[in-house]
Amino acid sequence: MKTRKLGNSGLTVSALGLGCMSMSGIYGTHDDQEAIATIHRAIDLGVTFLDTADAYGGGHNEELVGKAIRDRREQVIIATKFGLGGISQSRQAMPVNGRPEYVRAACEASLSRLGVDVIDLYYQHRVDPSTPIEETVGAMAKLVREGKVRFLGLSEASANTIRKAHAVHAIAALQSEYSLWTRDVEAEILPTCRELGIGFVCWSPLGRGFLTGQIKSSNDLASEDWRRNSPRFQGENFQHNLQLVEKLQTMAAQKECTPAQLAIFWLLAQGNDIVPIPGTKRQTYLEENVGALEVQLTPDELLQIDAIMPPGIAAGSRYPTALMQMVNL
């Protein structure tokens, strides 16, 4: 497995990570046994950068990851997040907490659920508008000095917030949504990270599964699947976005790979500081995602993909209105 460095932090991770959120039922049912087997298979394949959060499944996800890596701790880089009150299955906003006293309590709870002595990369899940970022990161920095956390990260933070945070303590990585159908970060946030030497971790690199070409209608989603509330998965937006994916499928067929592999390779080609973390709860999809590392595309072919999905081409916002308001712009 190839590796990449997250900016200037000194933290080296596998070039592809594993997002573990879906293992806790966010996109329908979950199977702990298959999830653990998927994590073990990931480690065997060299995918050692595992991403979780205390909000996923109300702590279930961290406990699951902890169980899976109990006898493999030295083989993995564990990233987890704090500050979000839970993952909503509706369109409603969720409570955000970045108060210093909460930072410490959340970290202690995550360490316990994961069953580890130190968290490799600790993110603030969402920026708390009621708490100055300097205070939140100051509390996170104390955890580093105490040896409870190795590196710090932010998620869905604006360029201005990133600068303020980085001035308090070095930020190793920013985690935000980035994919062929969500390219907002290219305008200001990604350049800011590169200027400051901060690595970029892409969550939802497959557009919550839409870019795989496996979702043809809303009937392909379980009744309890969170994506049914996403504007991009609804009505005319769905049909517009489906046409984009069909074009991607045509190109993937020509390259003898899958649309998912094409989408992941495109991200990897955006820079050596980019680390996608496609999420899955099944070994088969994990193996397909890892296969993206073997795809070969010419500069002209990358431009063809850009032409299929230029910035802003996707129909619908990436979140319902209330959840979009939680993104630090």
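How many aromatic pairs does the structure hold? The structure holds seven, where rings of Phe, Tyr and Trp (its six-membered ring) pair if their centres lie within 6.5 Å, and planes under 30 degrees apart count as stacked, over 60 as edge-to-face and the rest as tilted. Before going on, note that this is a predicted model: local features need pLDDT of at least 70, side-chain atom pairs count only at pLDDT 80 or more, and totals for chains, interfaces and linings use all residues. Residues are numbered from 1 along each chain as its sequence is written, and side-chain values use heavy atoms, leaving out hydrogens and water.

One of the pairs joins Tyr178 and Trp266: the ring centres are 6.0 Å apart and the planes stand at 70 degrees, so this pair is edge-to-face. Tyr178 is buried (under 20% relative accessible area, with exposed over 50% and partly exposed in between; 1.4 Å probe, protein chains only), with a relative accessible area of 1%. Trp266 is buried too, at 0%.

Trp181 and Phe233 also pair edge-to-face, with 6.0 Å from centre to centre and 85 degrees between the planes. Trp181 is buried at 5%, and Phe233 at 3%. Together with Phe210 and Phe238, these two form one aromatic cluster. The charged end of Arg232 sits over the ring of Trp181, 4.9 Å from its centre; this term requires NZ of Lys or CZ of Arg within 6 Å of the ring centre and within 35 degrees of the ring normal.

Finally, look at Arg4. Its side chain reaches the backbone oxygen of Gly271 at 2.8 Å and the backbone oxygen of Ile274 at 2.7 Å.

Notes:
Polar contact = N/O pair within 3.5 Å; in protein donor to acceptor, adjacent residues only side chain to side chain.
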